[in-house]
Structure formats: structure tokens, C-alpha cells
Amino acid sequence: MNTPLSVIVSAIQLILREDGLSPSVKEMVERIEMEAQRLSLFTRGLLSFTRKEDDPVGEADVNQVLQEVMHFLKYETQKRSITVVEDFDFRLPPIASDVNRLKQIFINLIMNAFQAMDEGGASF
């Protein structure tokens, strides 16, 4: 599924470079791009869940996981004009968790928050 989605997103980006798009068409194409990228994140999440079924639970540094997730979502914050204030507590001990599943949980929570901020803003 990710290959067709990549083609769709690439085609959308080419369309958005075209001169003379009406504001309503541009808005519709940008919405399609956002939903295609959201679907791509969702399919990647499904793949990570299915691939990691047999992985044993290990130790996860929550701060490190969140930093990696925020780096992964940096494009989304810029595209949506959202400022994320990161305030980590590095005294937290590691927790027993599957790192990939923990990342997917954080991605889902953060993307839901981004979607609730249609006009940009700040997230603390």
C-alpha cells in the first residue's frame, strides 16, 4: 500500500507546483495530500505492529522515543505551522516496552493533536 501512496503524494506535489490553480482546487489537493500522508503513517503503523508480534519486550527510554517521534513528525509541524515545546524529564527511568509500538502510540496521539489544530498553534 505504501508504494501507491508514495506515487499519489508525489503526483500531488507536482500538481501543487502548477501555476494558476484556483484557491479551491489548491485547498482540495492539499487536503488530499494530507489524507494520503495520514494513510501512509497508518499503514506503516500496521506493518510495524504485524512485524513485531514476536519481539520480546525490552527497555525503552521514553524521552529518547519521544525525541525520535518528534524528529519524524518535524515536517508535519512545519507544514501545519505548529510549534511544539519539548520539555523532557531525563530523570525518568527506562520502562518495559516494545519501542516500535510505543513510537506508534506517540505518533497516533500527536497526529490527533495536530489534526485538532487546523489553523496552527502551539502544543505543550
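Q: Buried means under 20% relative accessible area. What share of the 124 residues of this predicted model counts as buried?
A: Of the 124 residues, 30% count as buried; each of these therefore has a relative accessible area under 20%.

Q: How do you know how much confidence the predictor places in the protein, and where is it lowest and highest?
A: The average pLDDT is 82, and 87% of the residues score at least 70. On the scale from 0 to 100, confidence is lowest in strand E4 (residues 121-123), with a mean of 64. Strand E3 (residues 95-97) has the highest, at 92.

Q: What makes up the secondary structure of the protein, and in what pattern?
A: There are five helices and four strands, which follow one another along the sequence as α-α-β-α-α-β-β-α-β.

Q: Why is Val 25 called partly exposed?
A: Partly exposed covers the range between the buried limit of 20% and the exposed limit of 50%. The relative accessibility of Val 25 is 32%, so Val 25 counts as partly exposed.

Q: Why is the contact between Glu 35 and Arg 31 called a salt bridge?
A: The criterion is a side-chain nitrogen of Lys or Arg within 4 Å of a carboxyl oxygen of Asp or Glu. The closest N and O atoms of Glu 35 and Arg 31 are 3.2 Å apart, so the pair meets the criterion. Both residues lie in helix H2, four residues apart, about one turn of the helix. Glu 35 is partly exposed at 25%, and Arg 31 is partly exposed at 49%.

Q: How do you know that Glu 76 and Arg 80 form a salt bridge, and are they buried or exposed?
A: Their N to O distance is 2.7 Å; the limit is 4 Å, so the pair qualifies. Both residues are buried.

Q: Why do Asp 89 and Arg 91 fall into separate accessibility classes?
A: Asp 89 has 29%, between the limits of 20% and 50%, and so is partly exposed. Arg 91 has 73%, which is over 50%, and so is exposed. The two form a salt bridge, with their closest N and O atoms 3.0 Å apart. Elsewhere, salt bridges that share partners join Arg 31, Glu 35 and Arg 38 into one network. The structure holds seven salt bridges.

Q: What lines the largest pocket, and what is its volume?
A: The largest pocket has a volume of about 320 Å³. Its lining includes Arg 31, Met 34, Arg 80 and Asp 118. H2 contributes the largest share of the lining, five residues.

Methods: Residues numbered from 1 in each chain as written. Predicted model: local features only at pLDDT ≥ 70, side-chain atom pairs only at ≥ 80, totals over all residues. Heavy atoms only, no water. Buried < 20%, exposed > 50% of the residue type's maximum accessible area, 1.4 Å probe, protein only. Helix = DSSP H or I, 4+ residues; strand = E, 2+ residues; numbered from the N terminus. 1 Å grid on protein atoms, 1.4 Å probe; cavity = no way out; pocket = protein on both sides within 12 Å on 5 of 7 lines; lining within 4 Å. Points joined across faces, edges and corners; volume = space filled by probe spheres on them.
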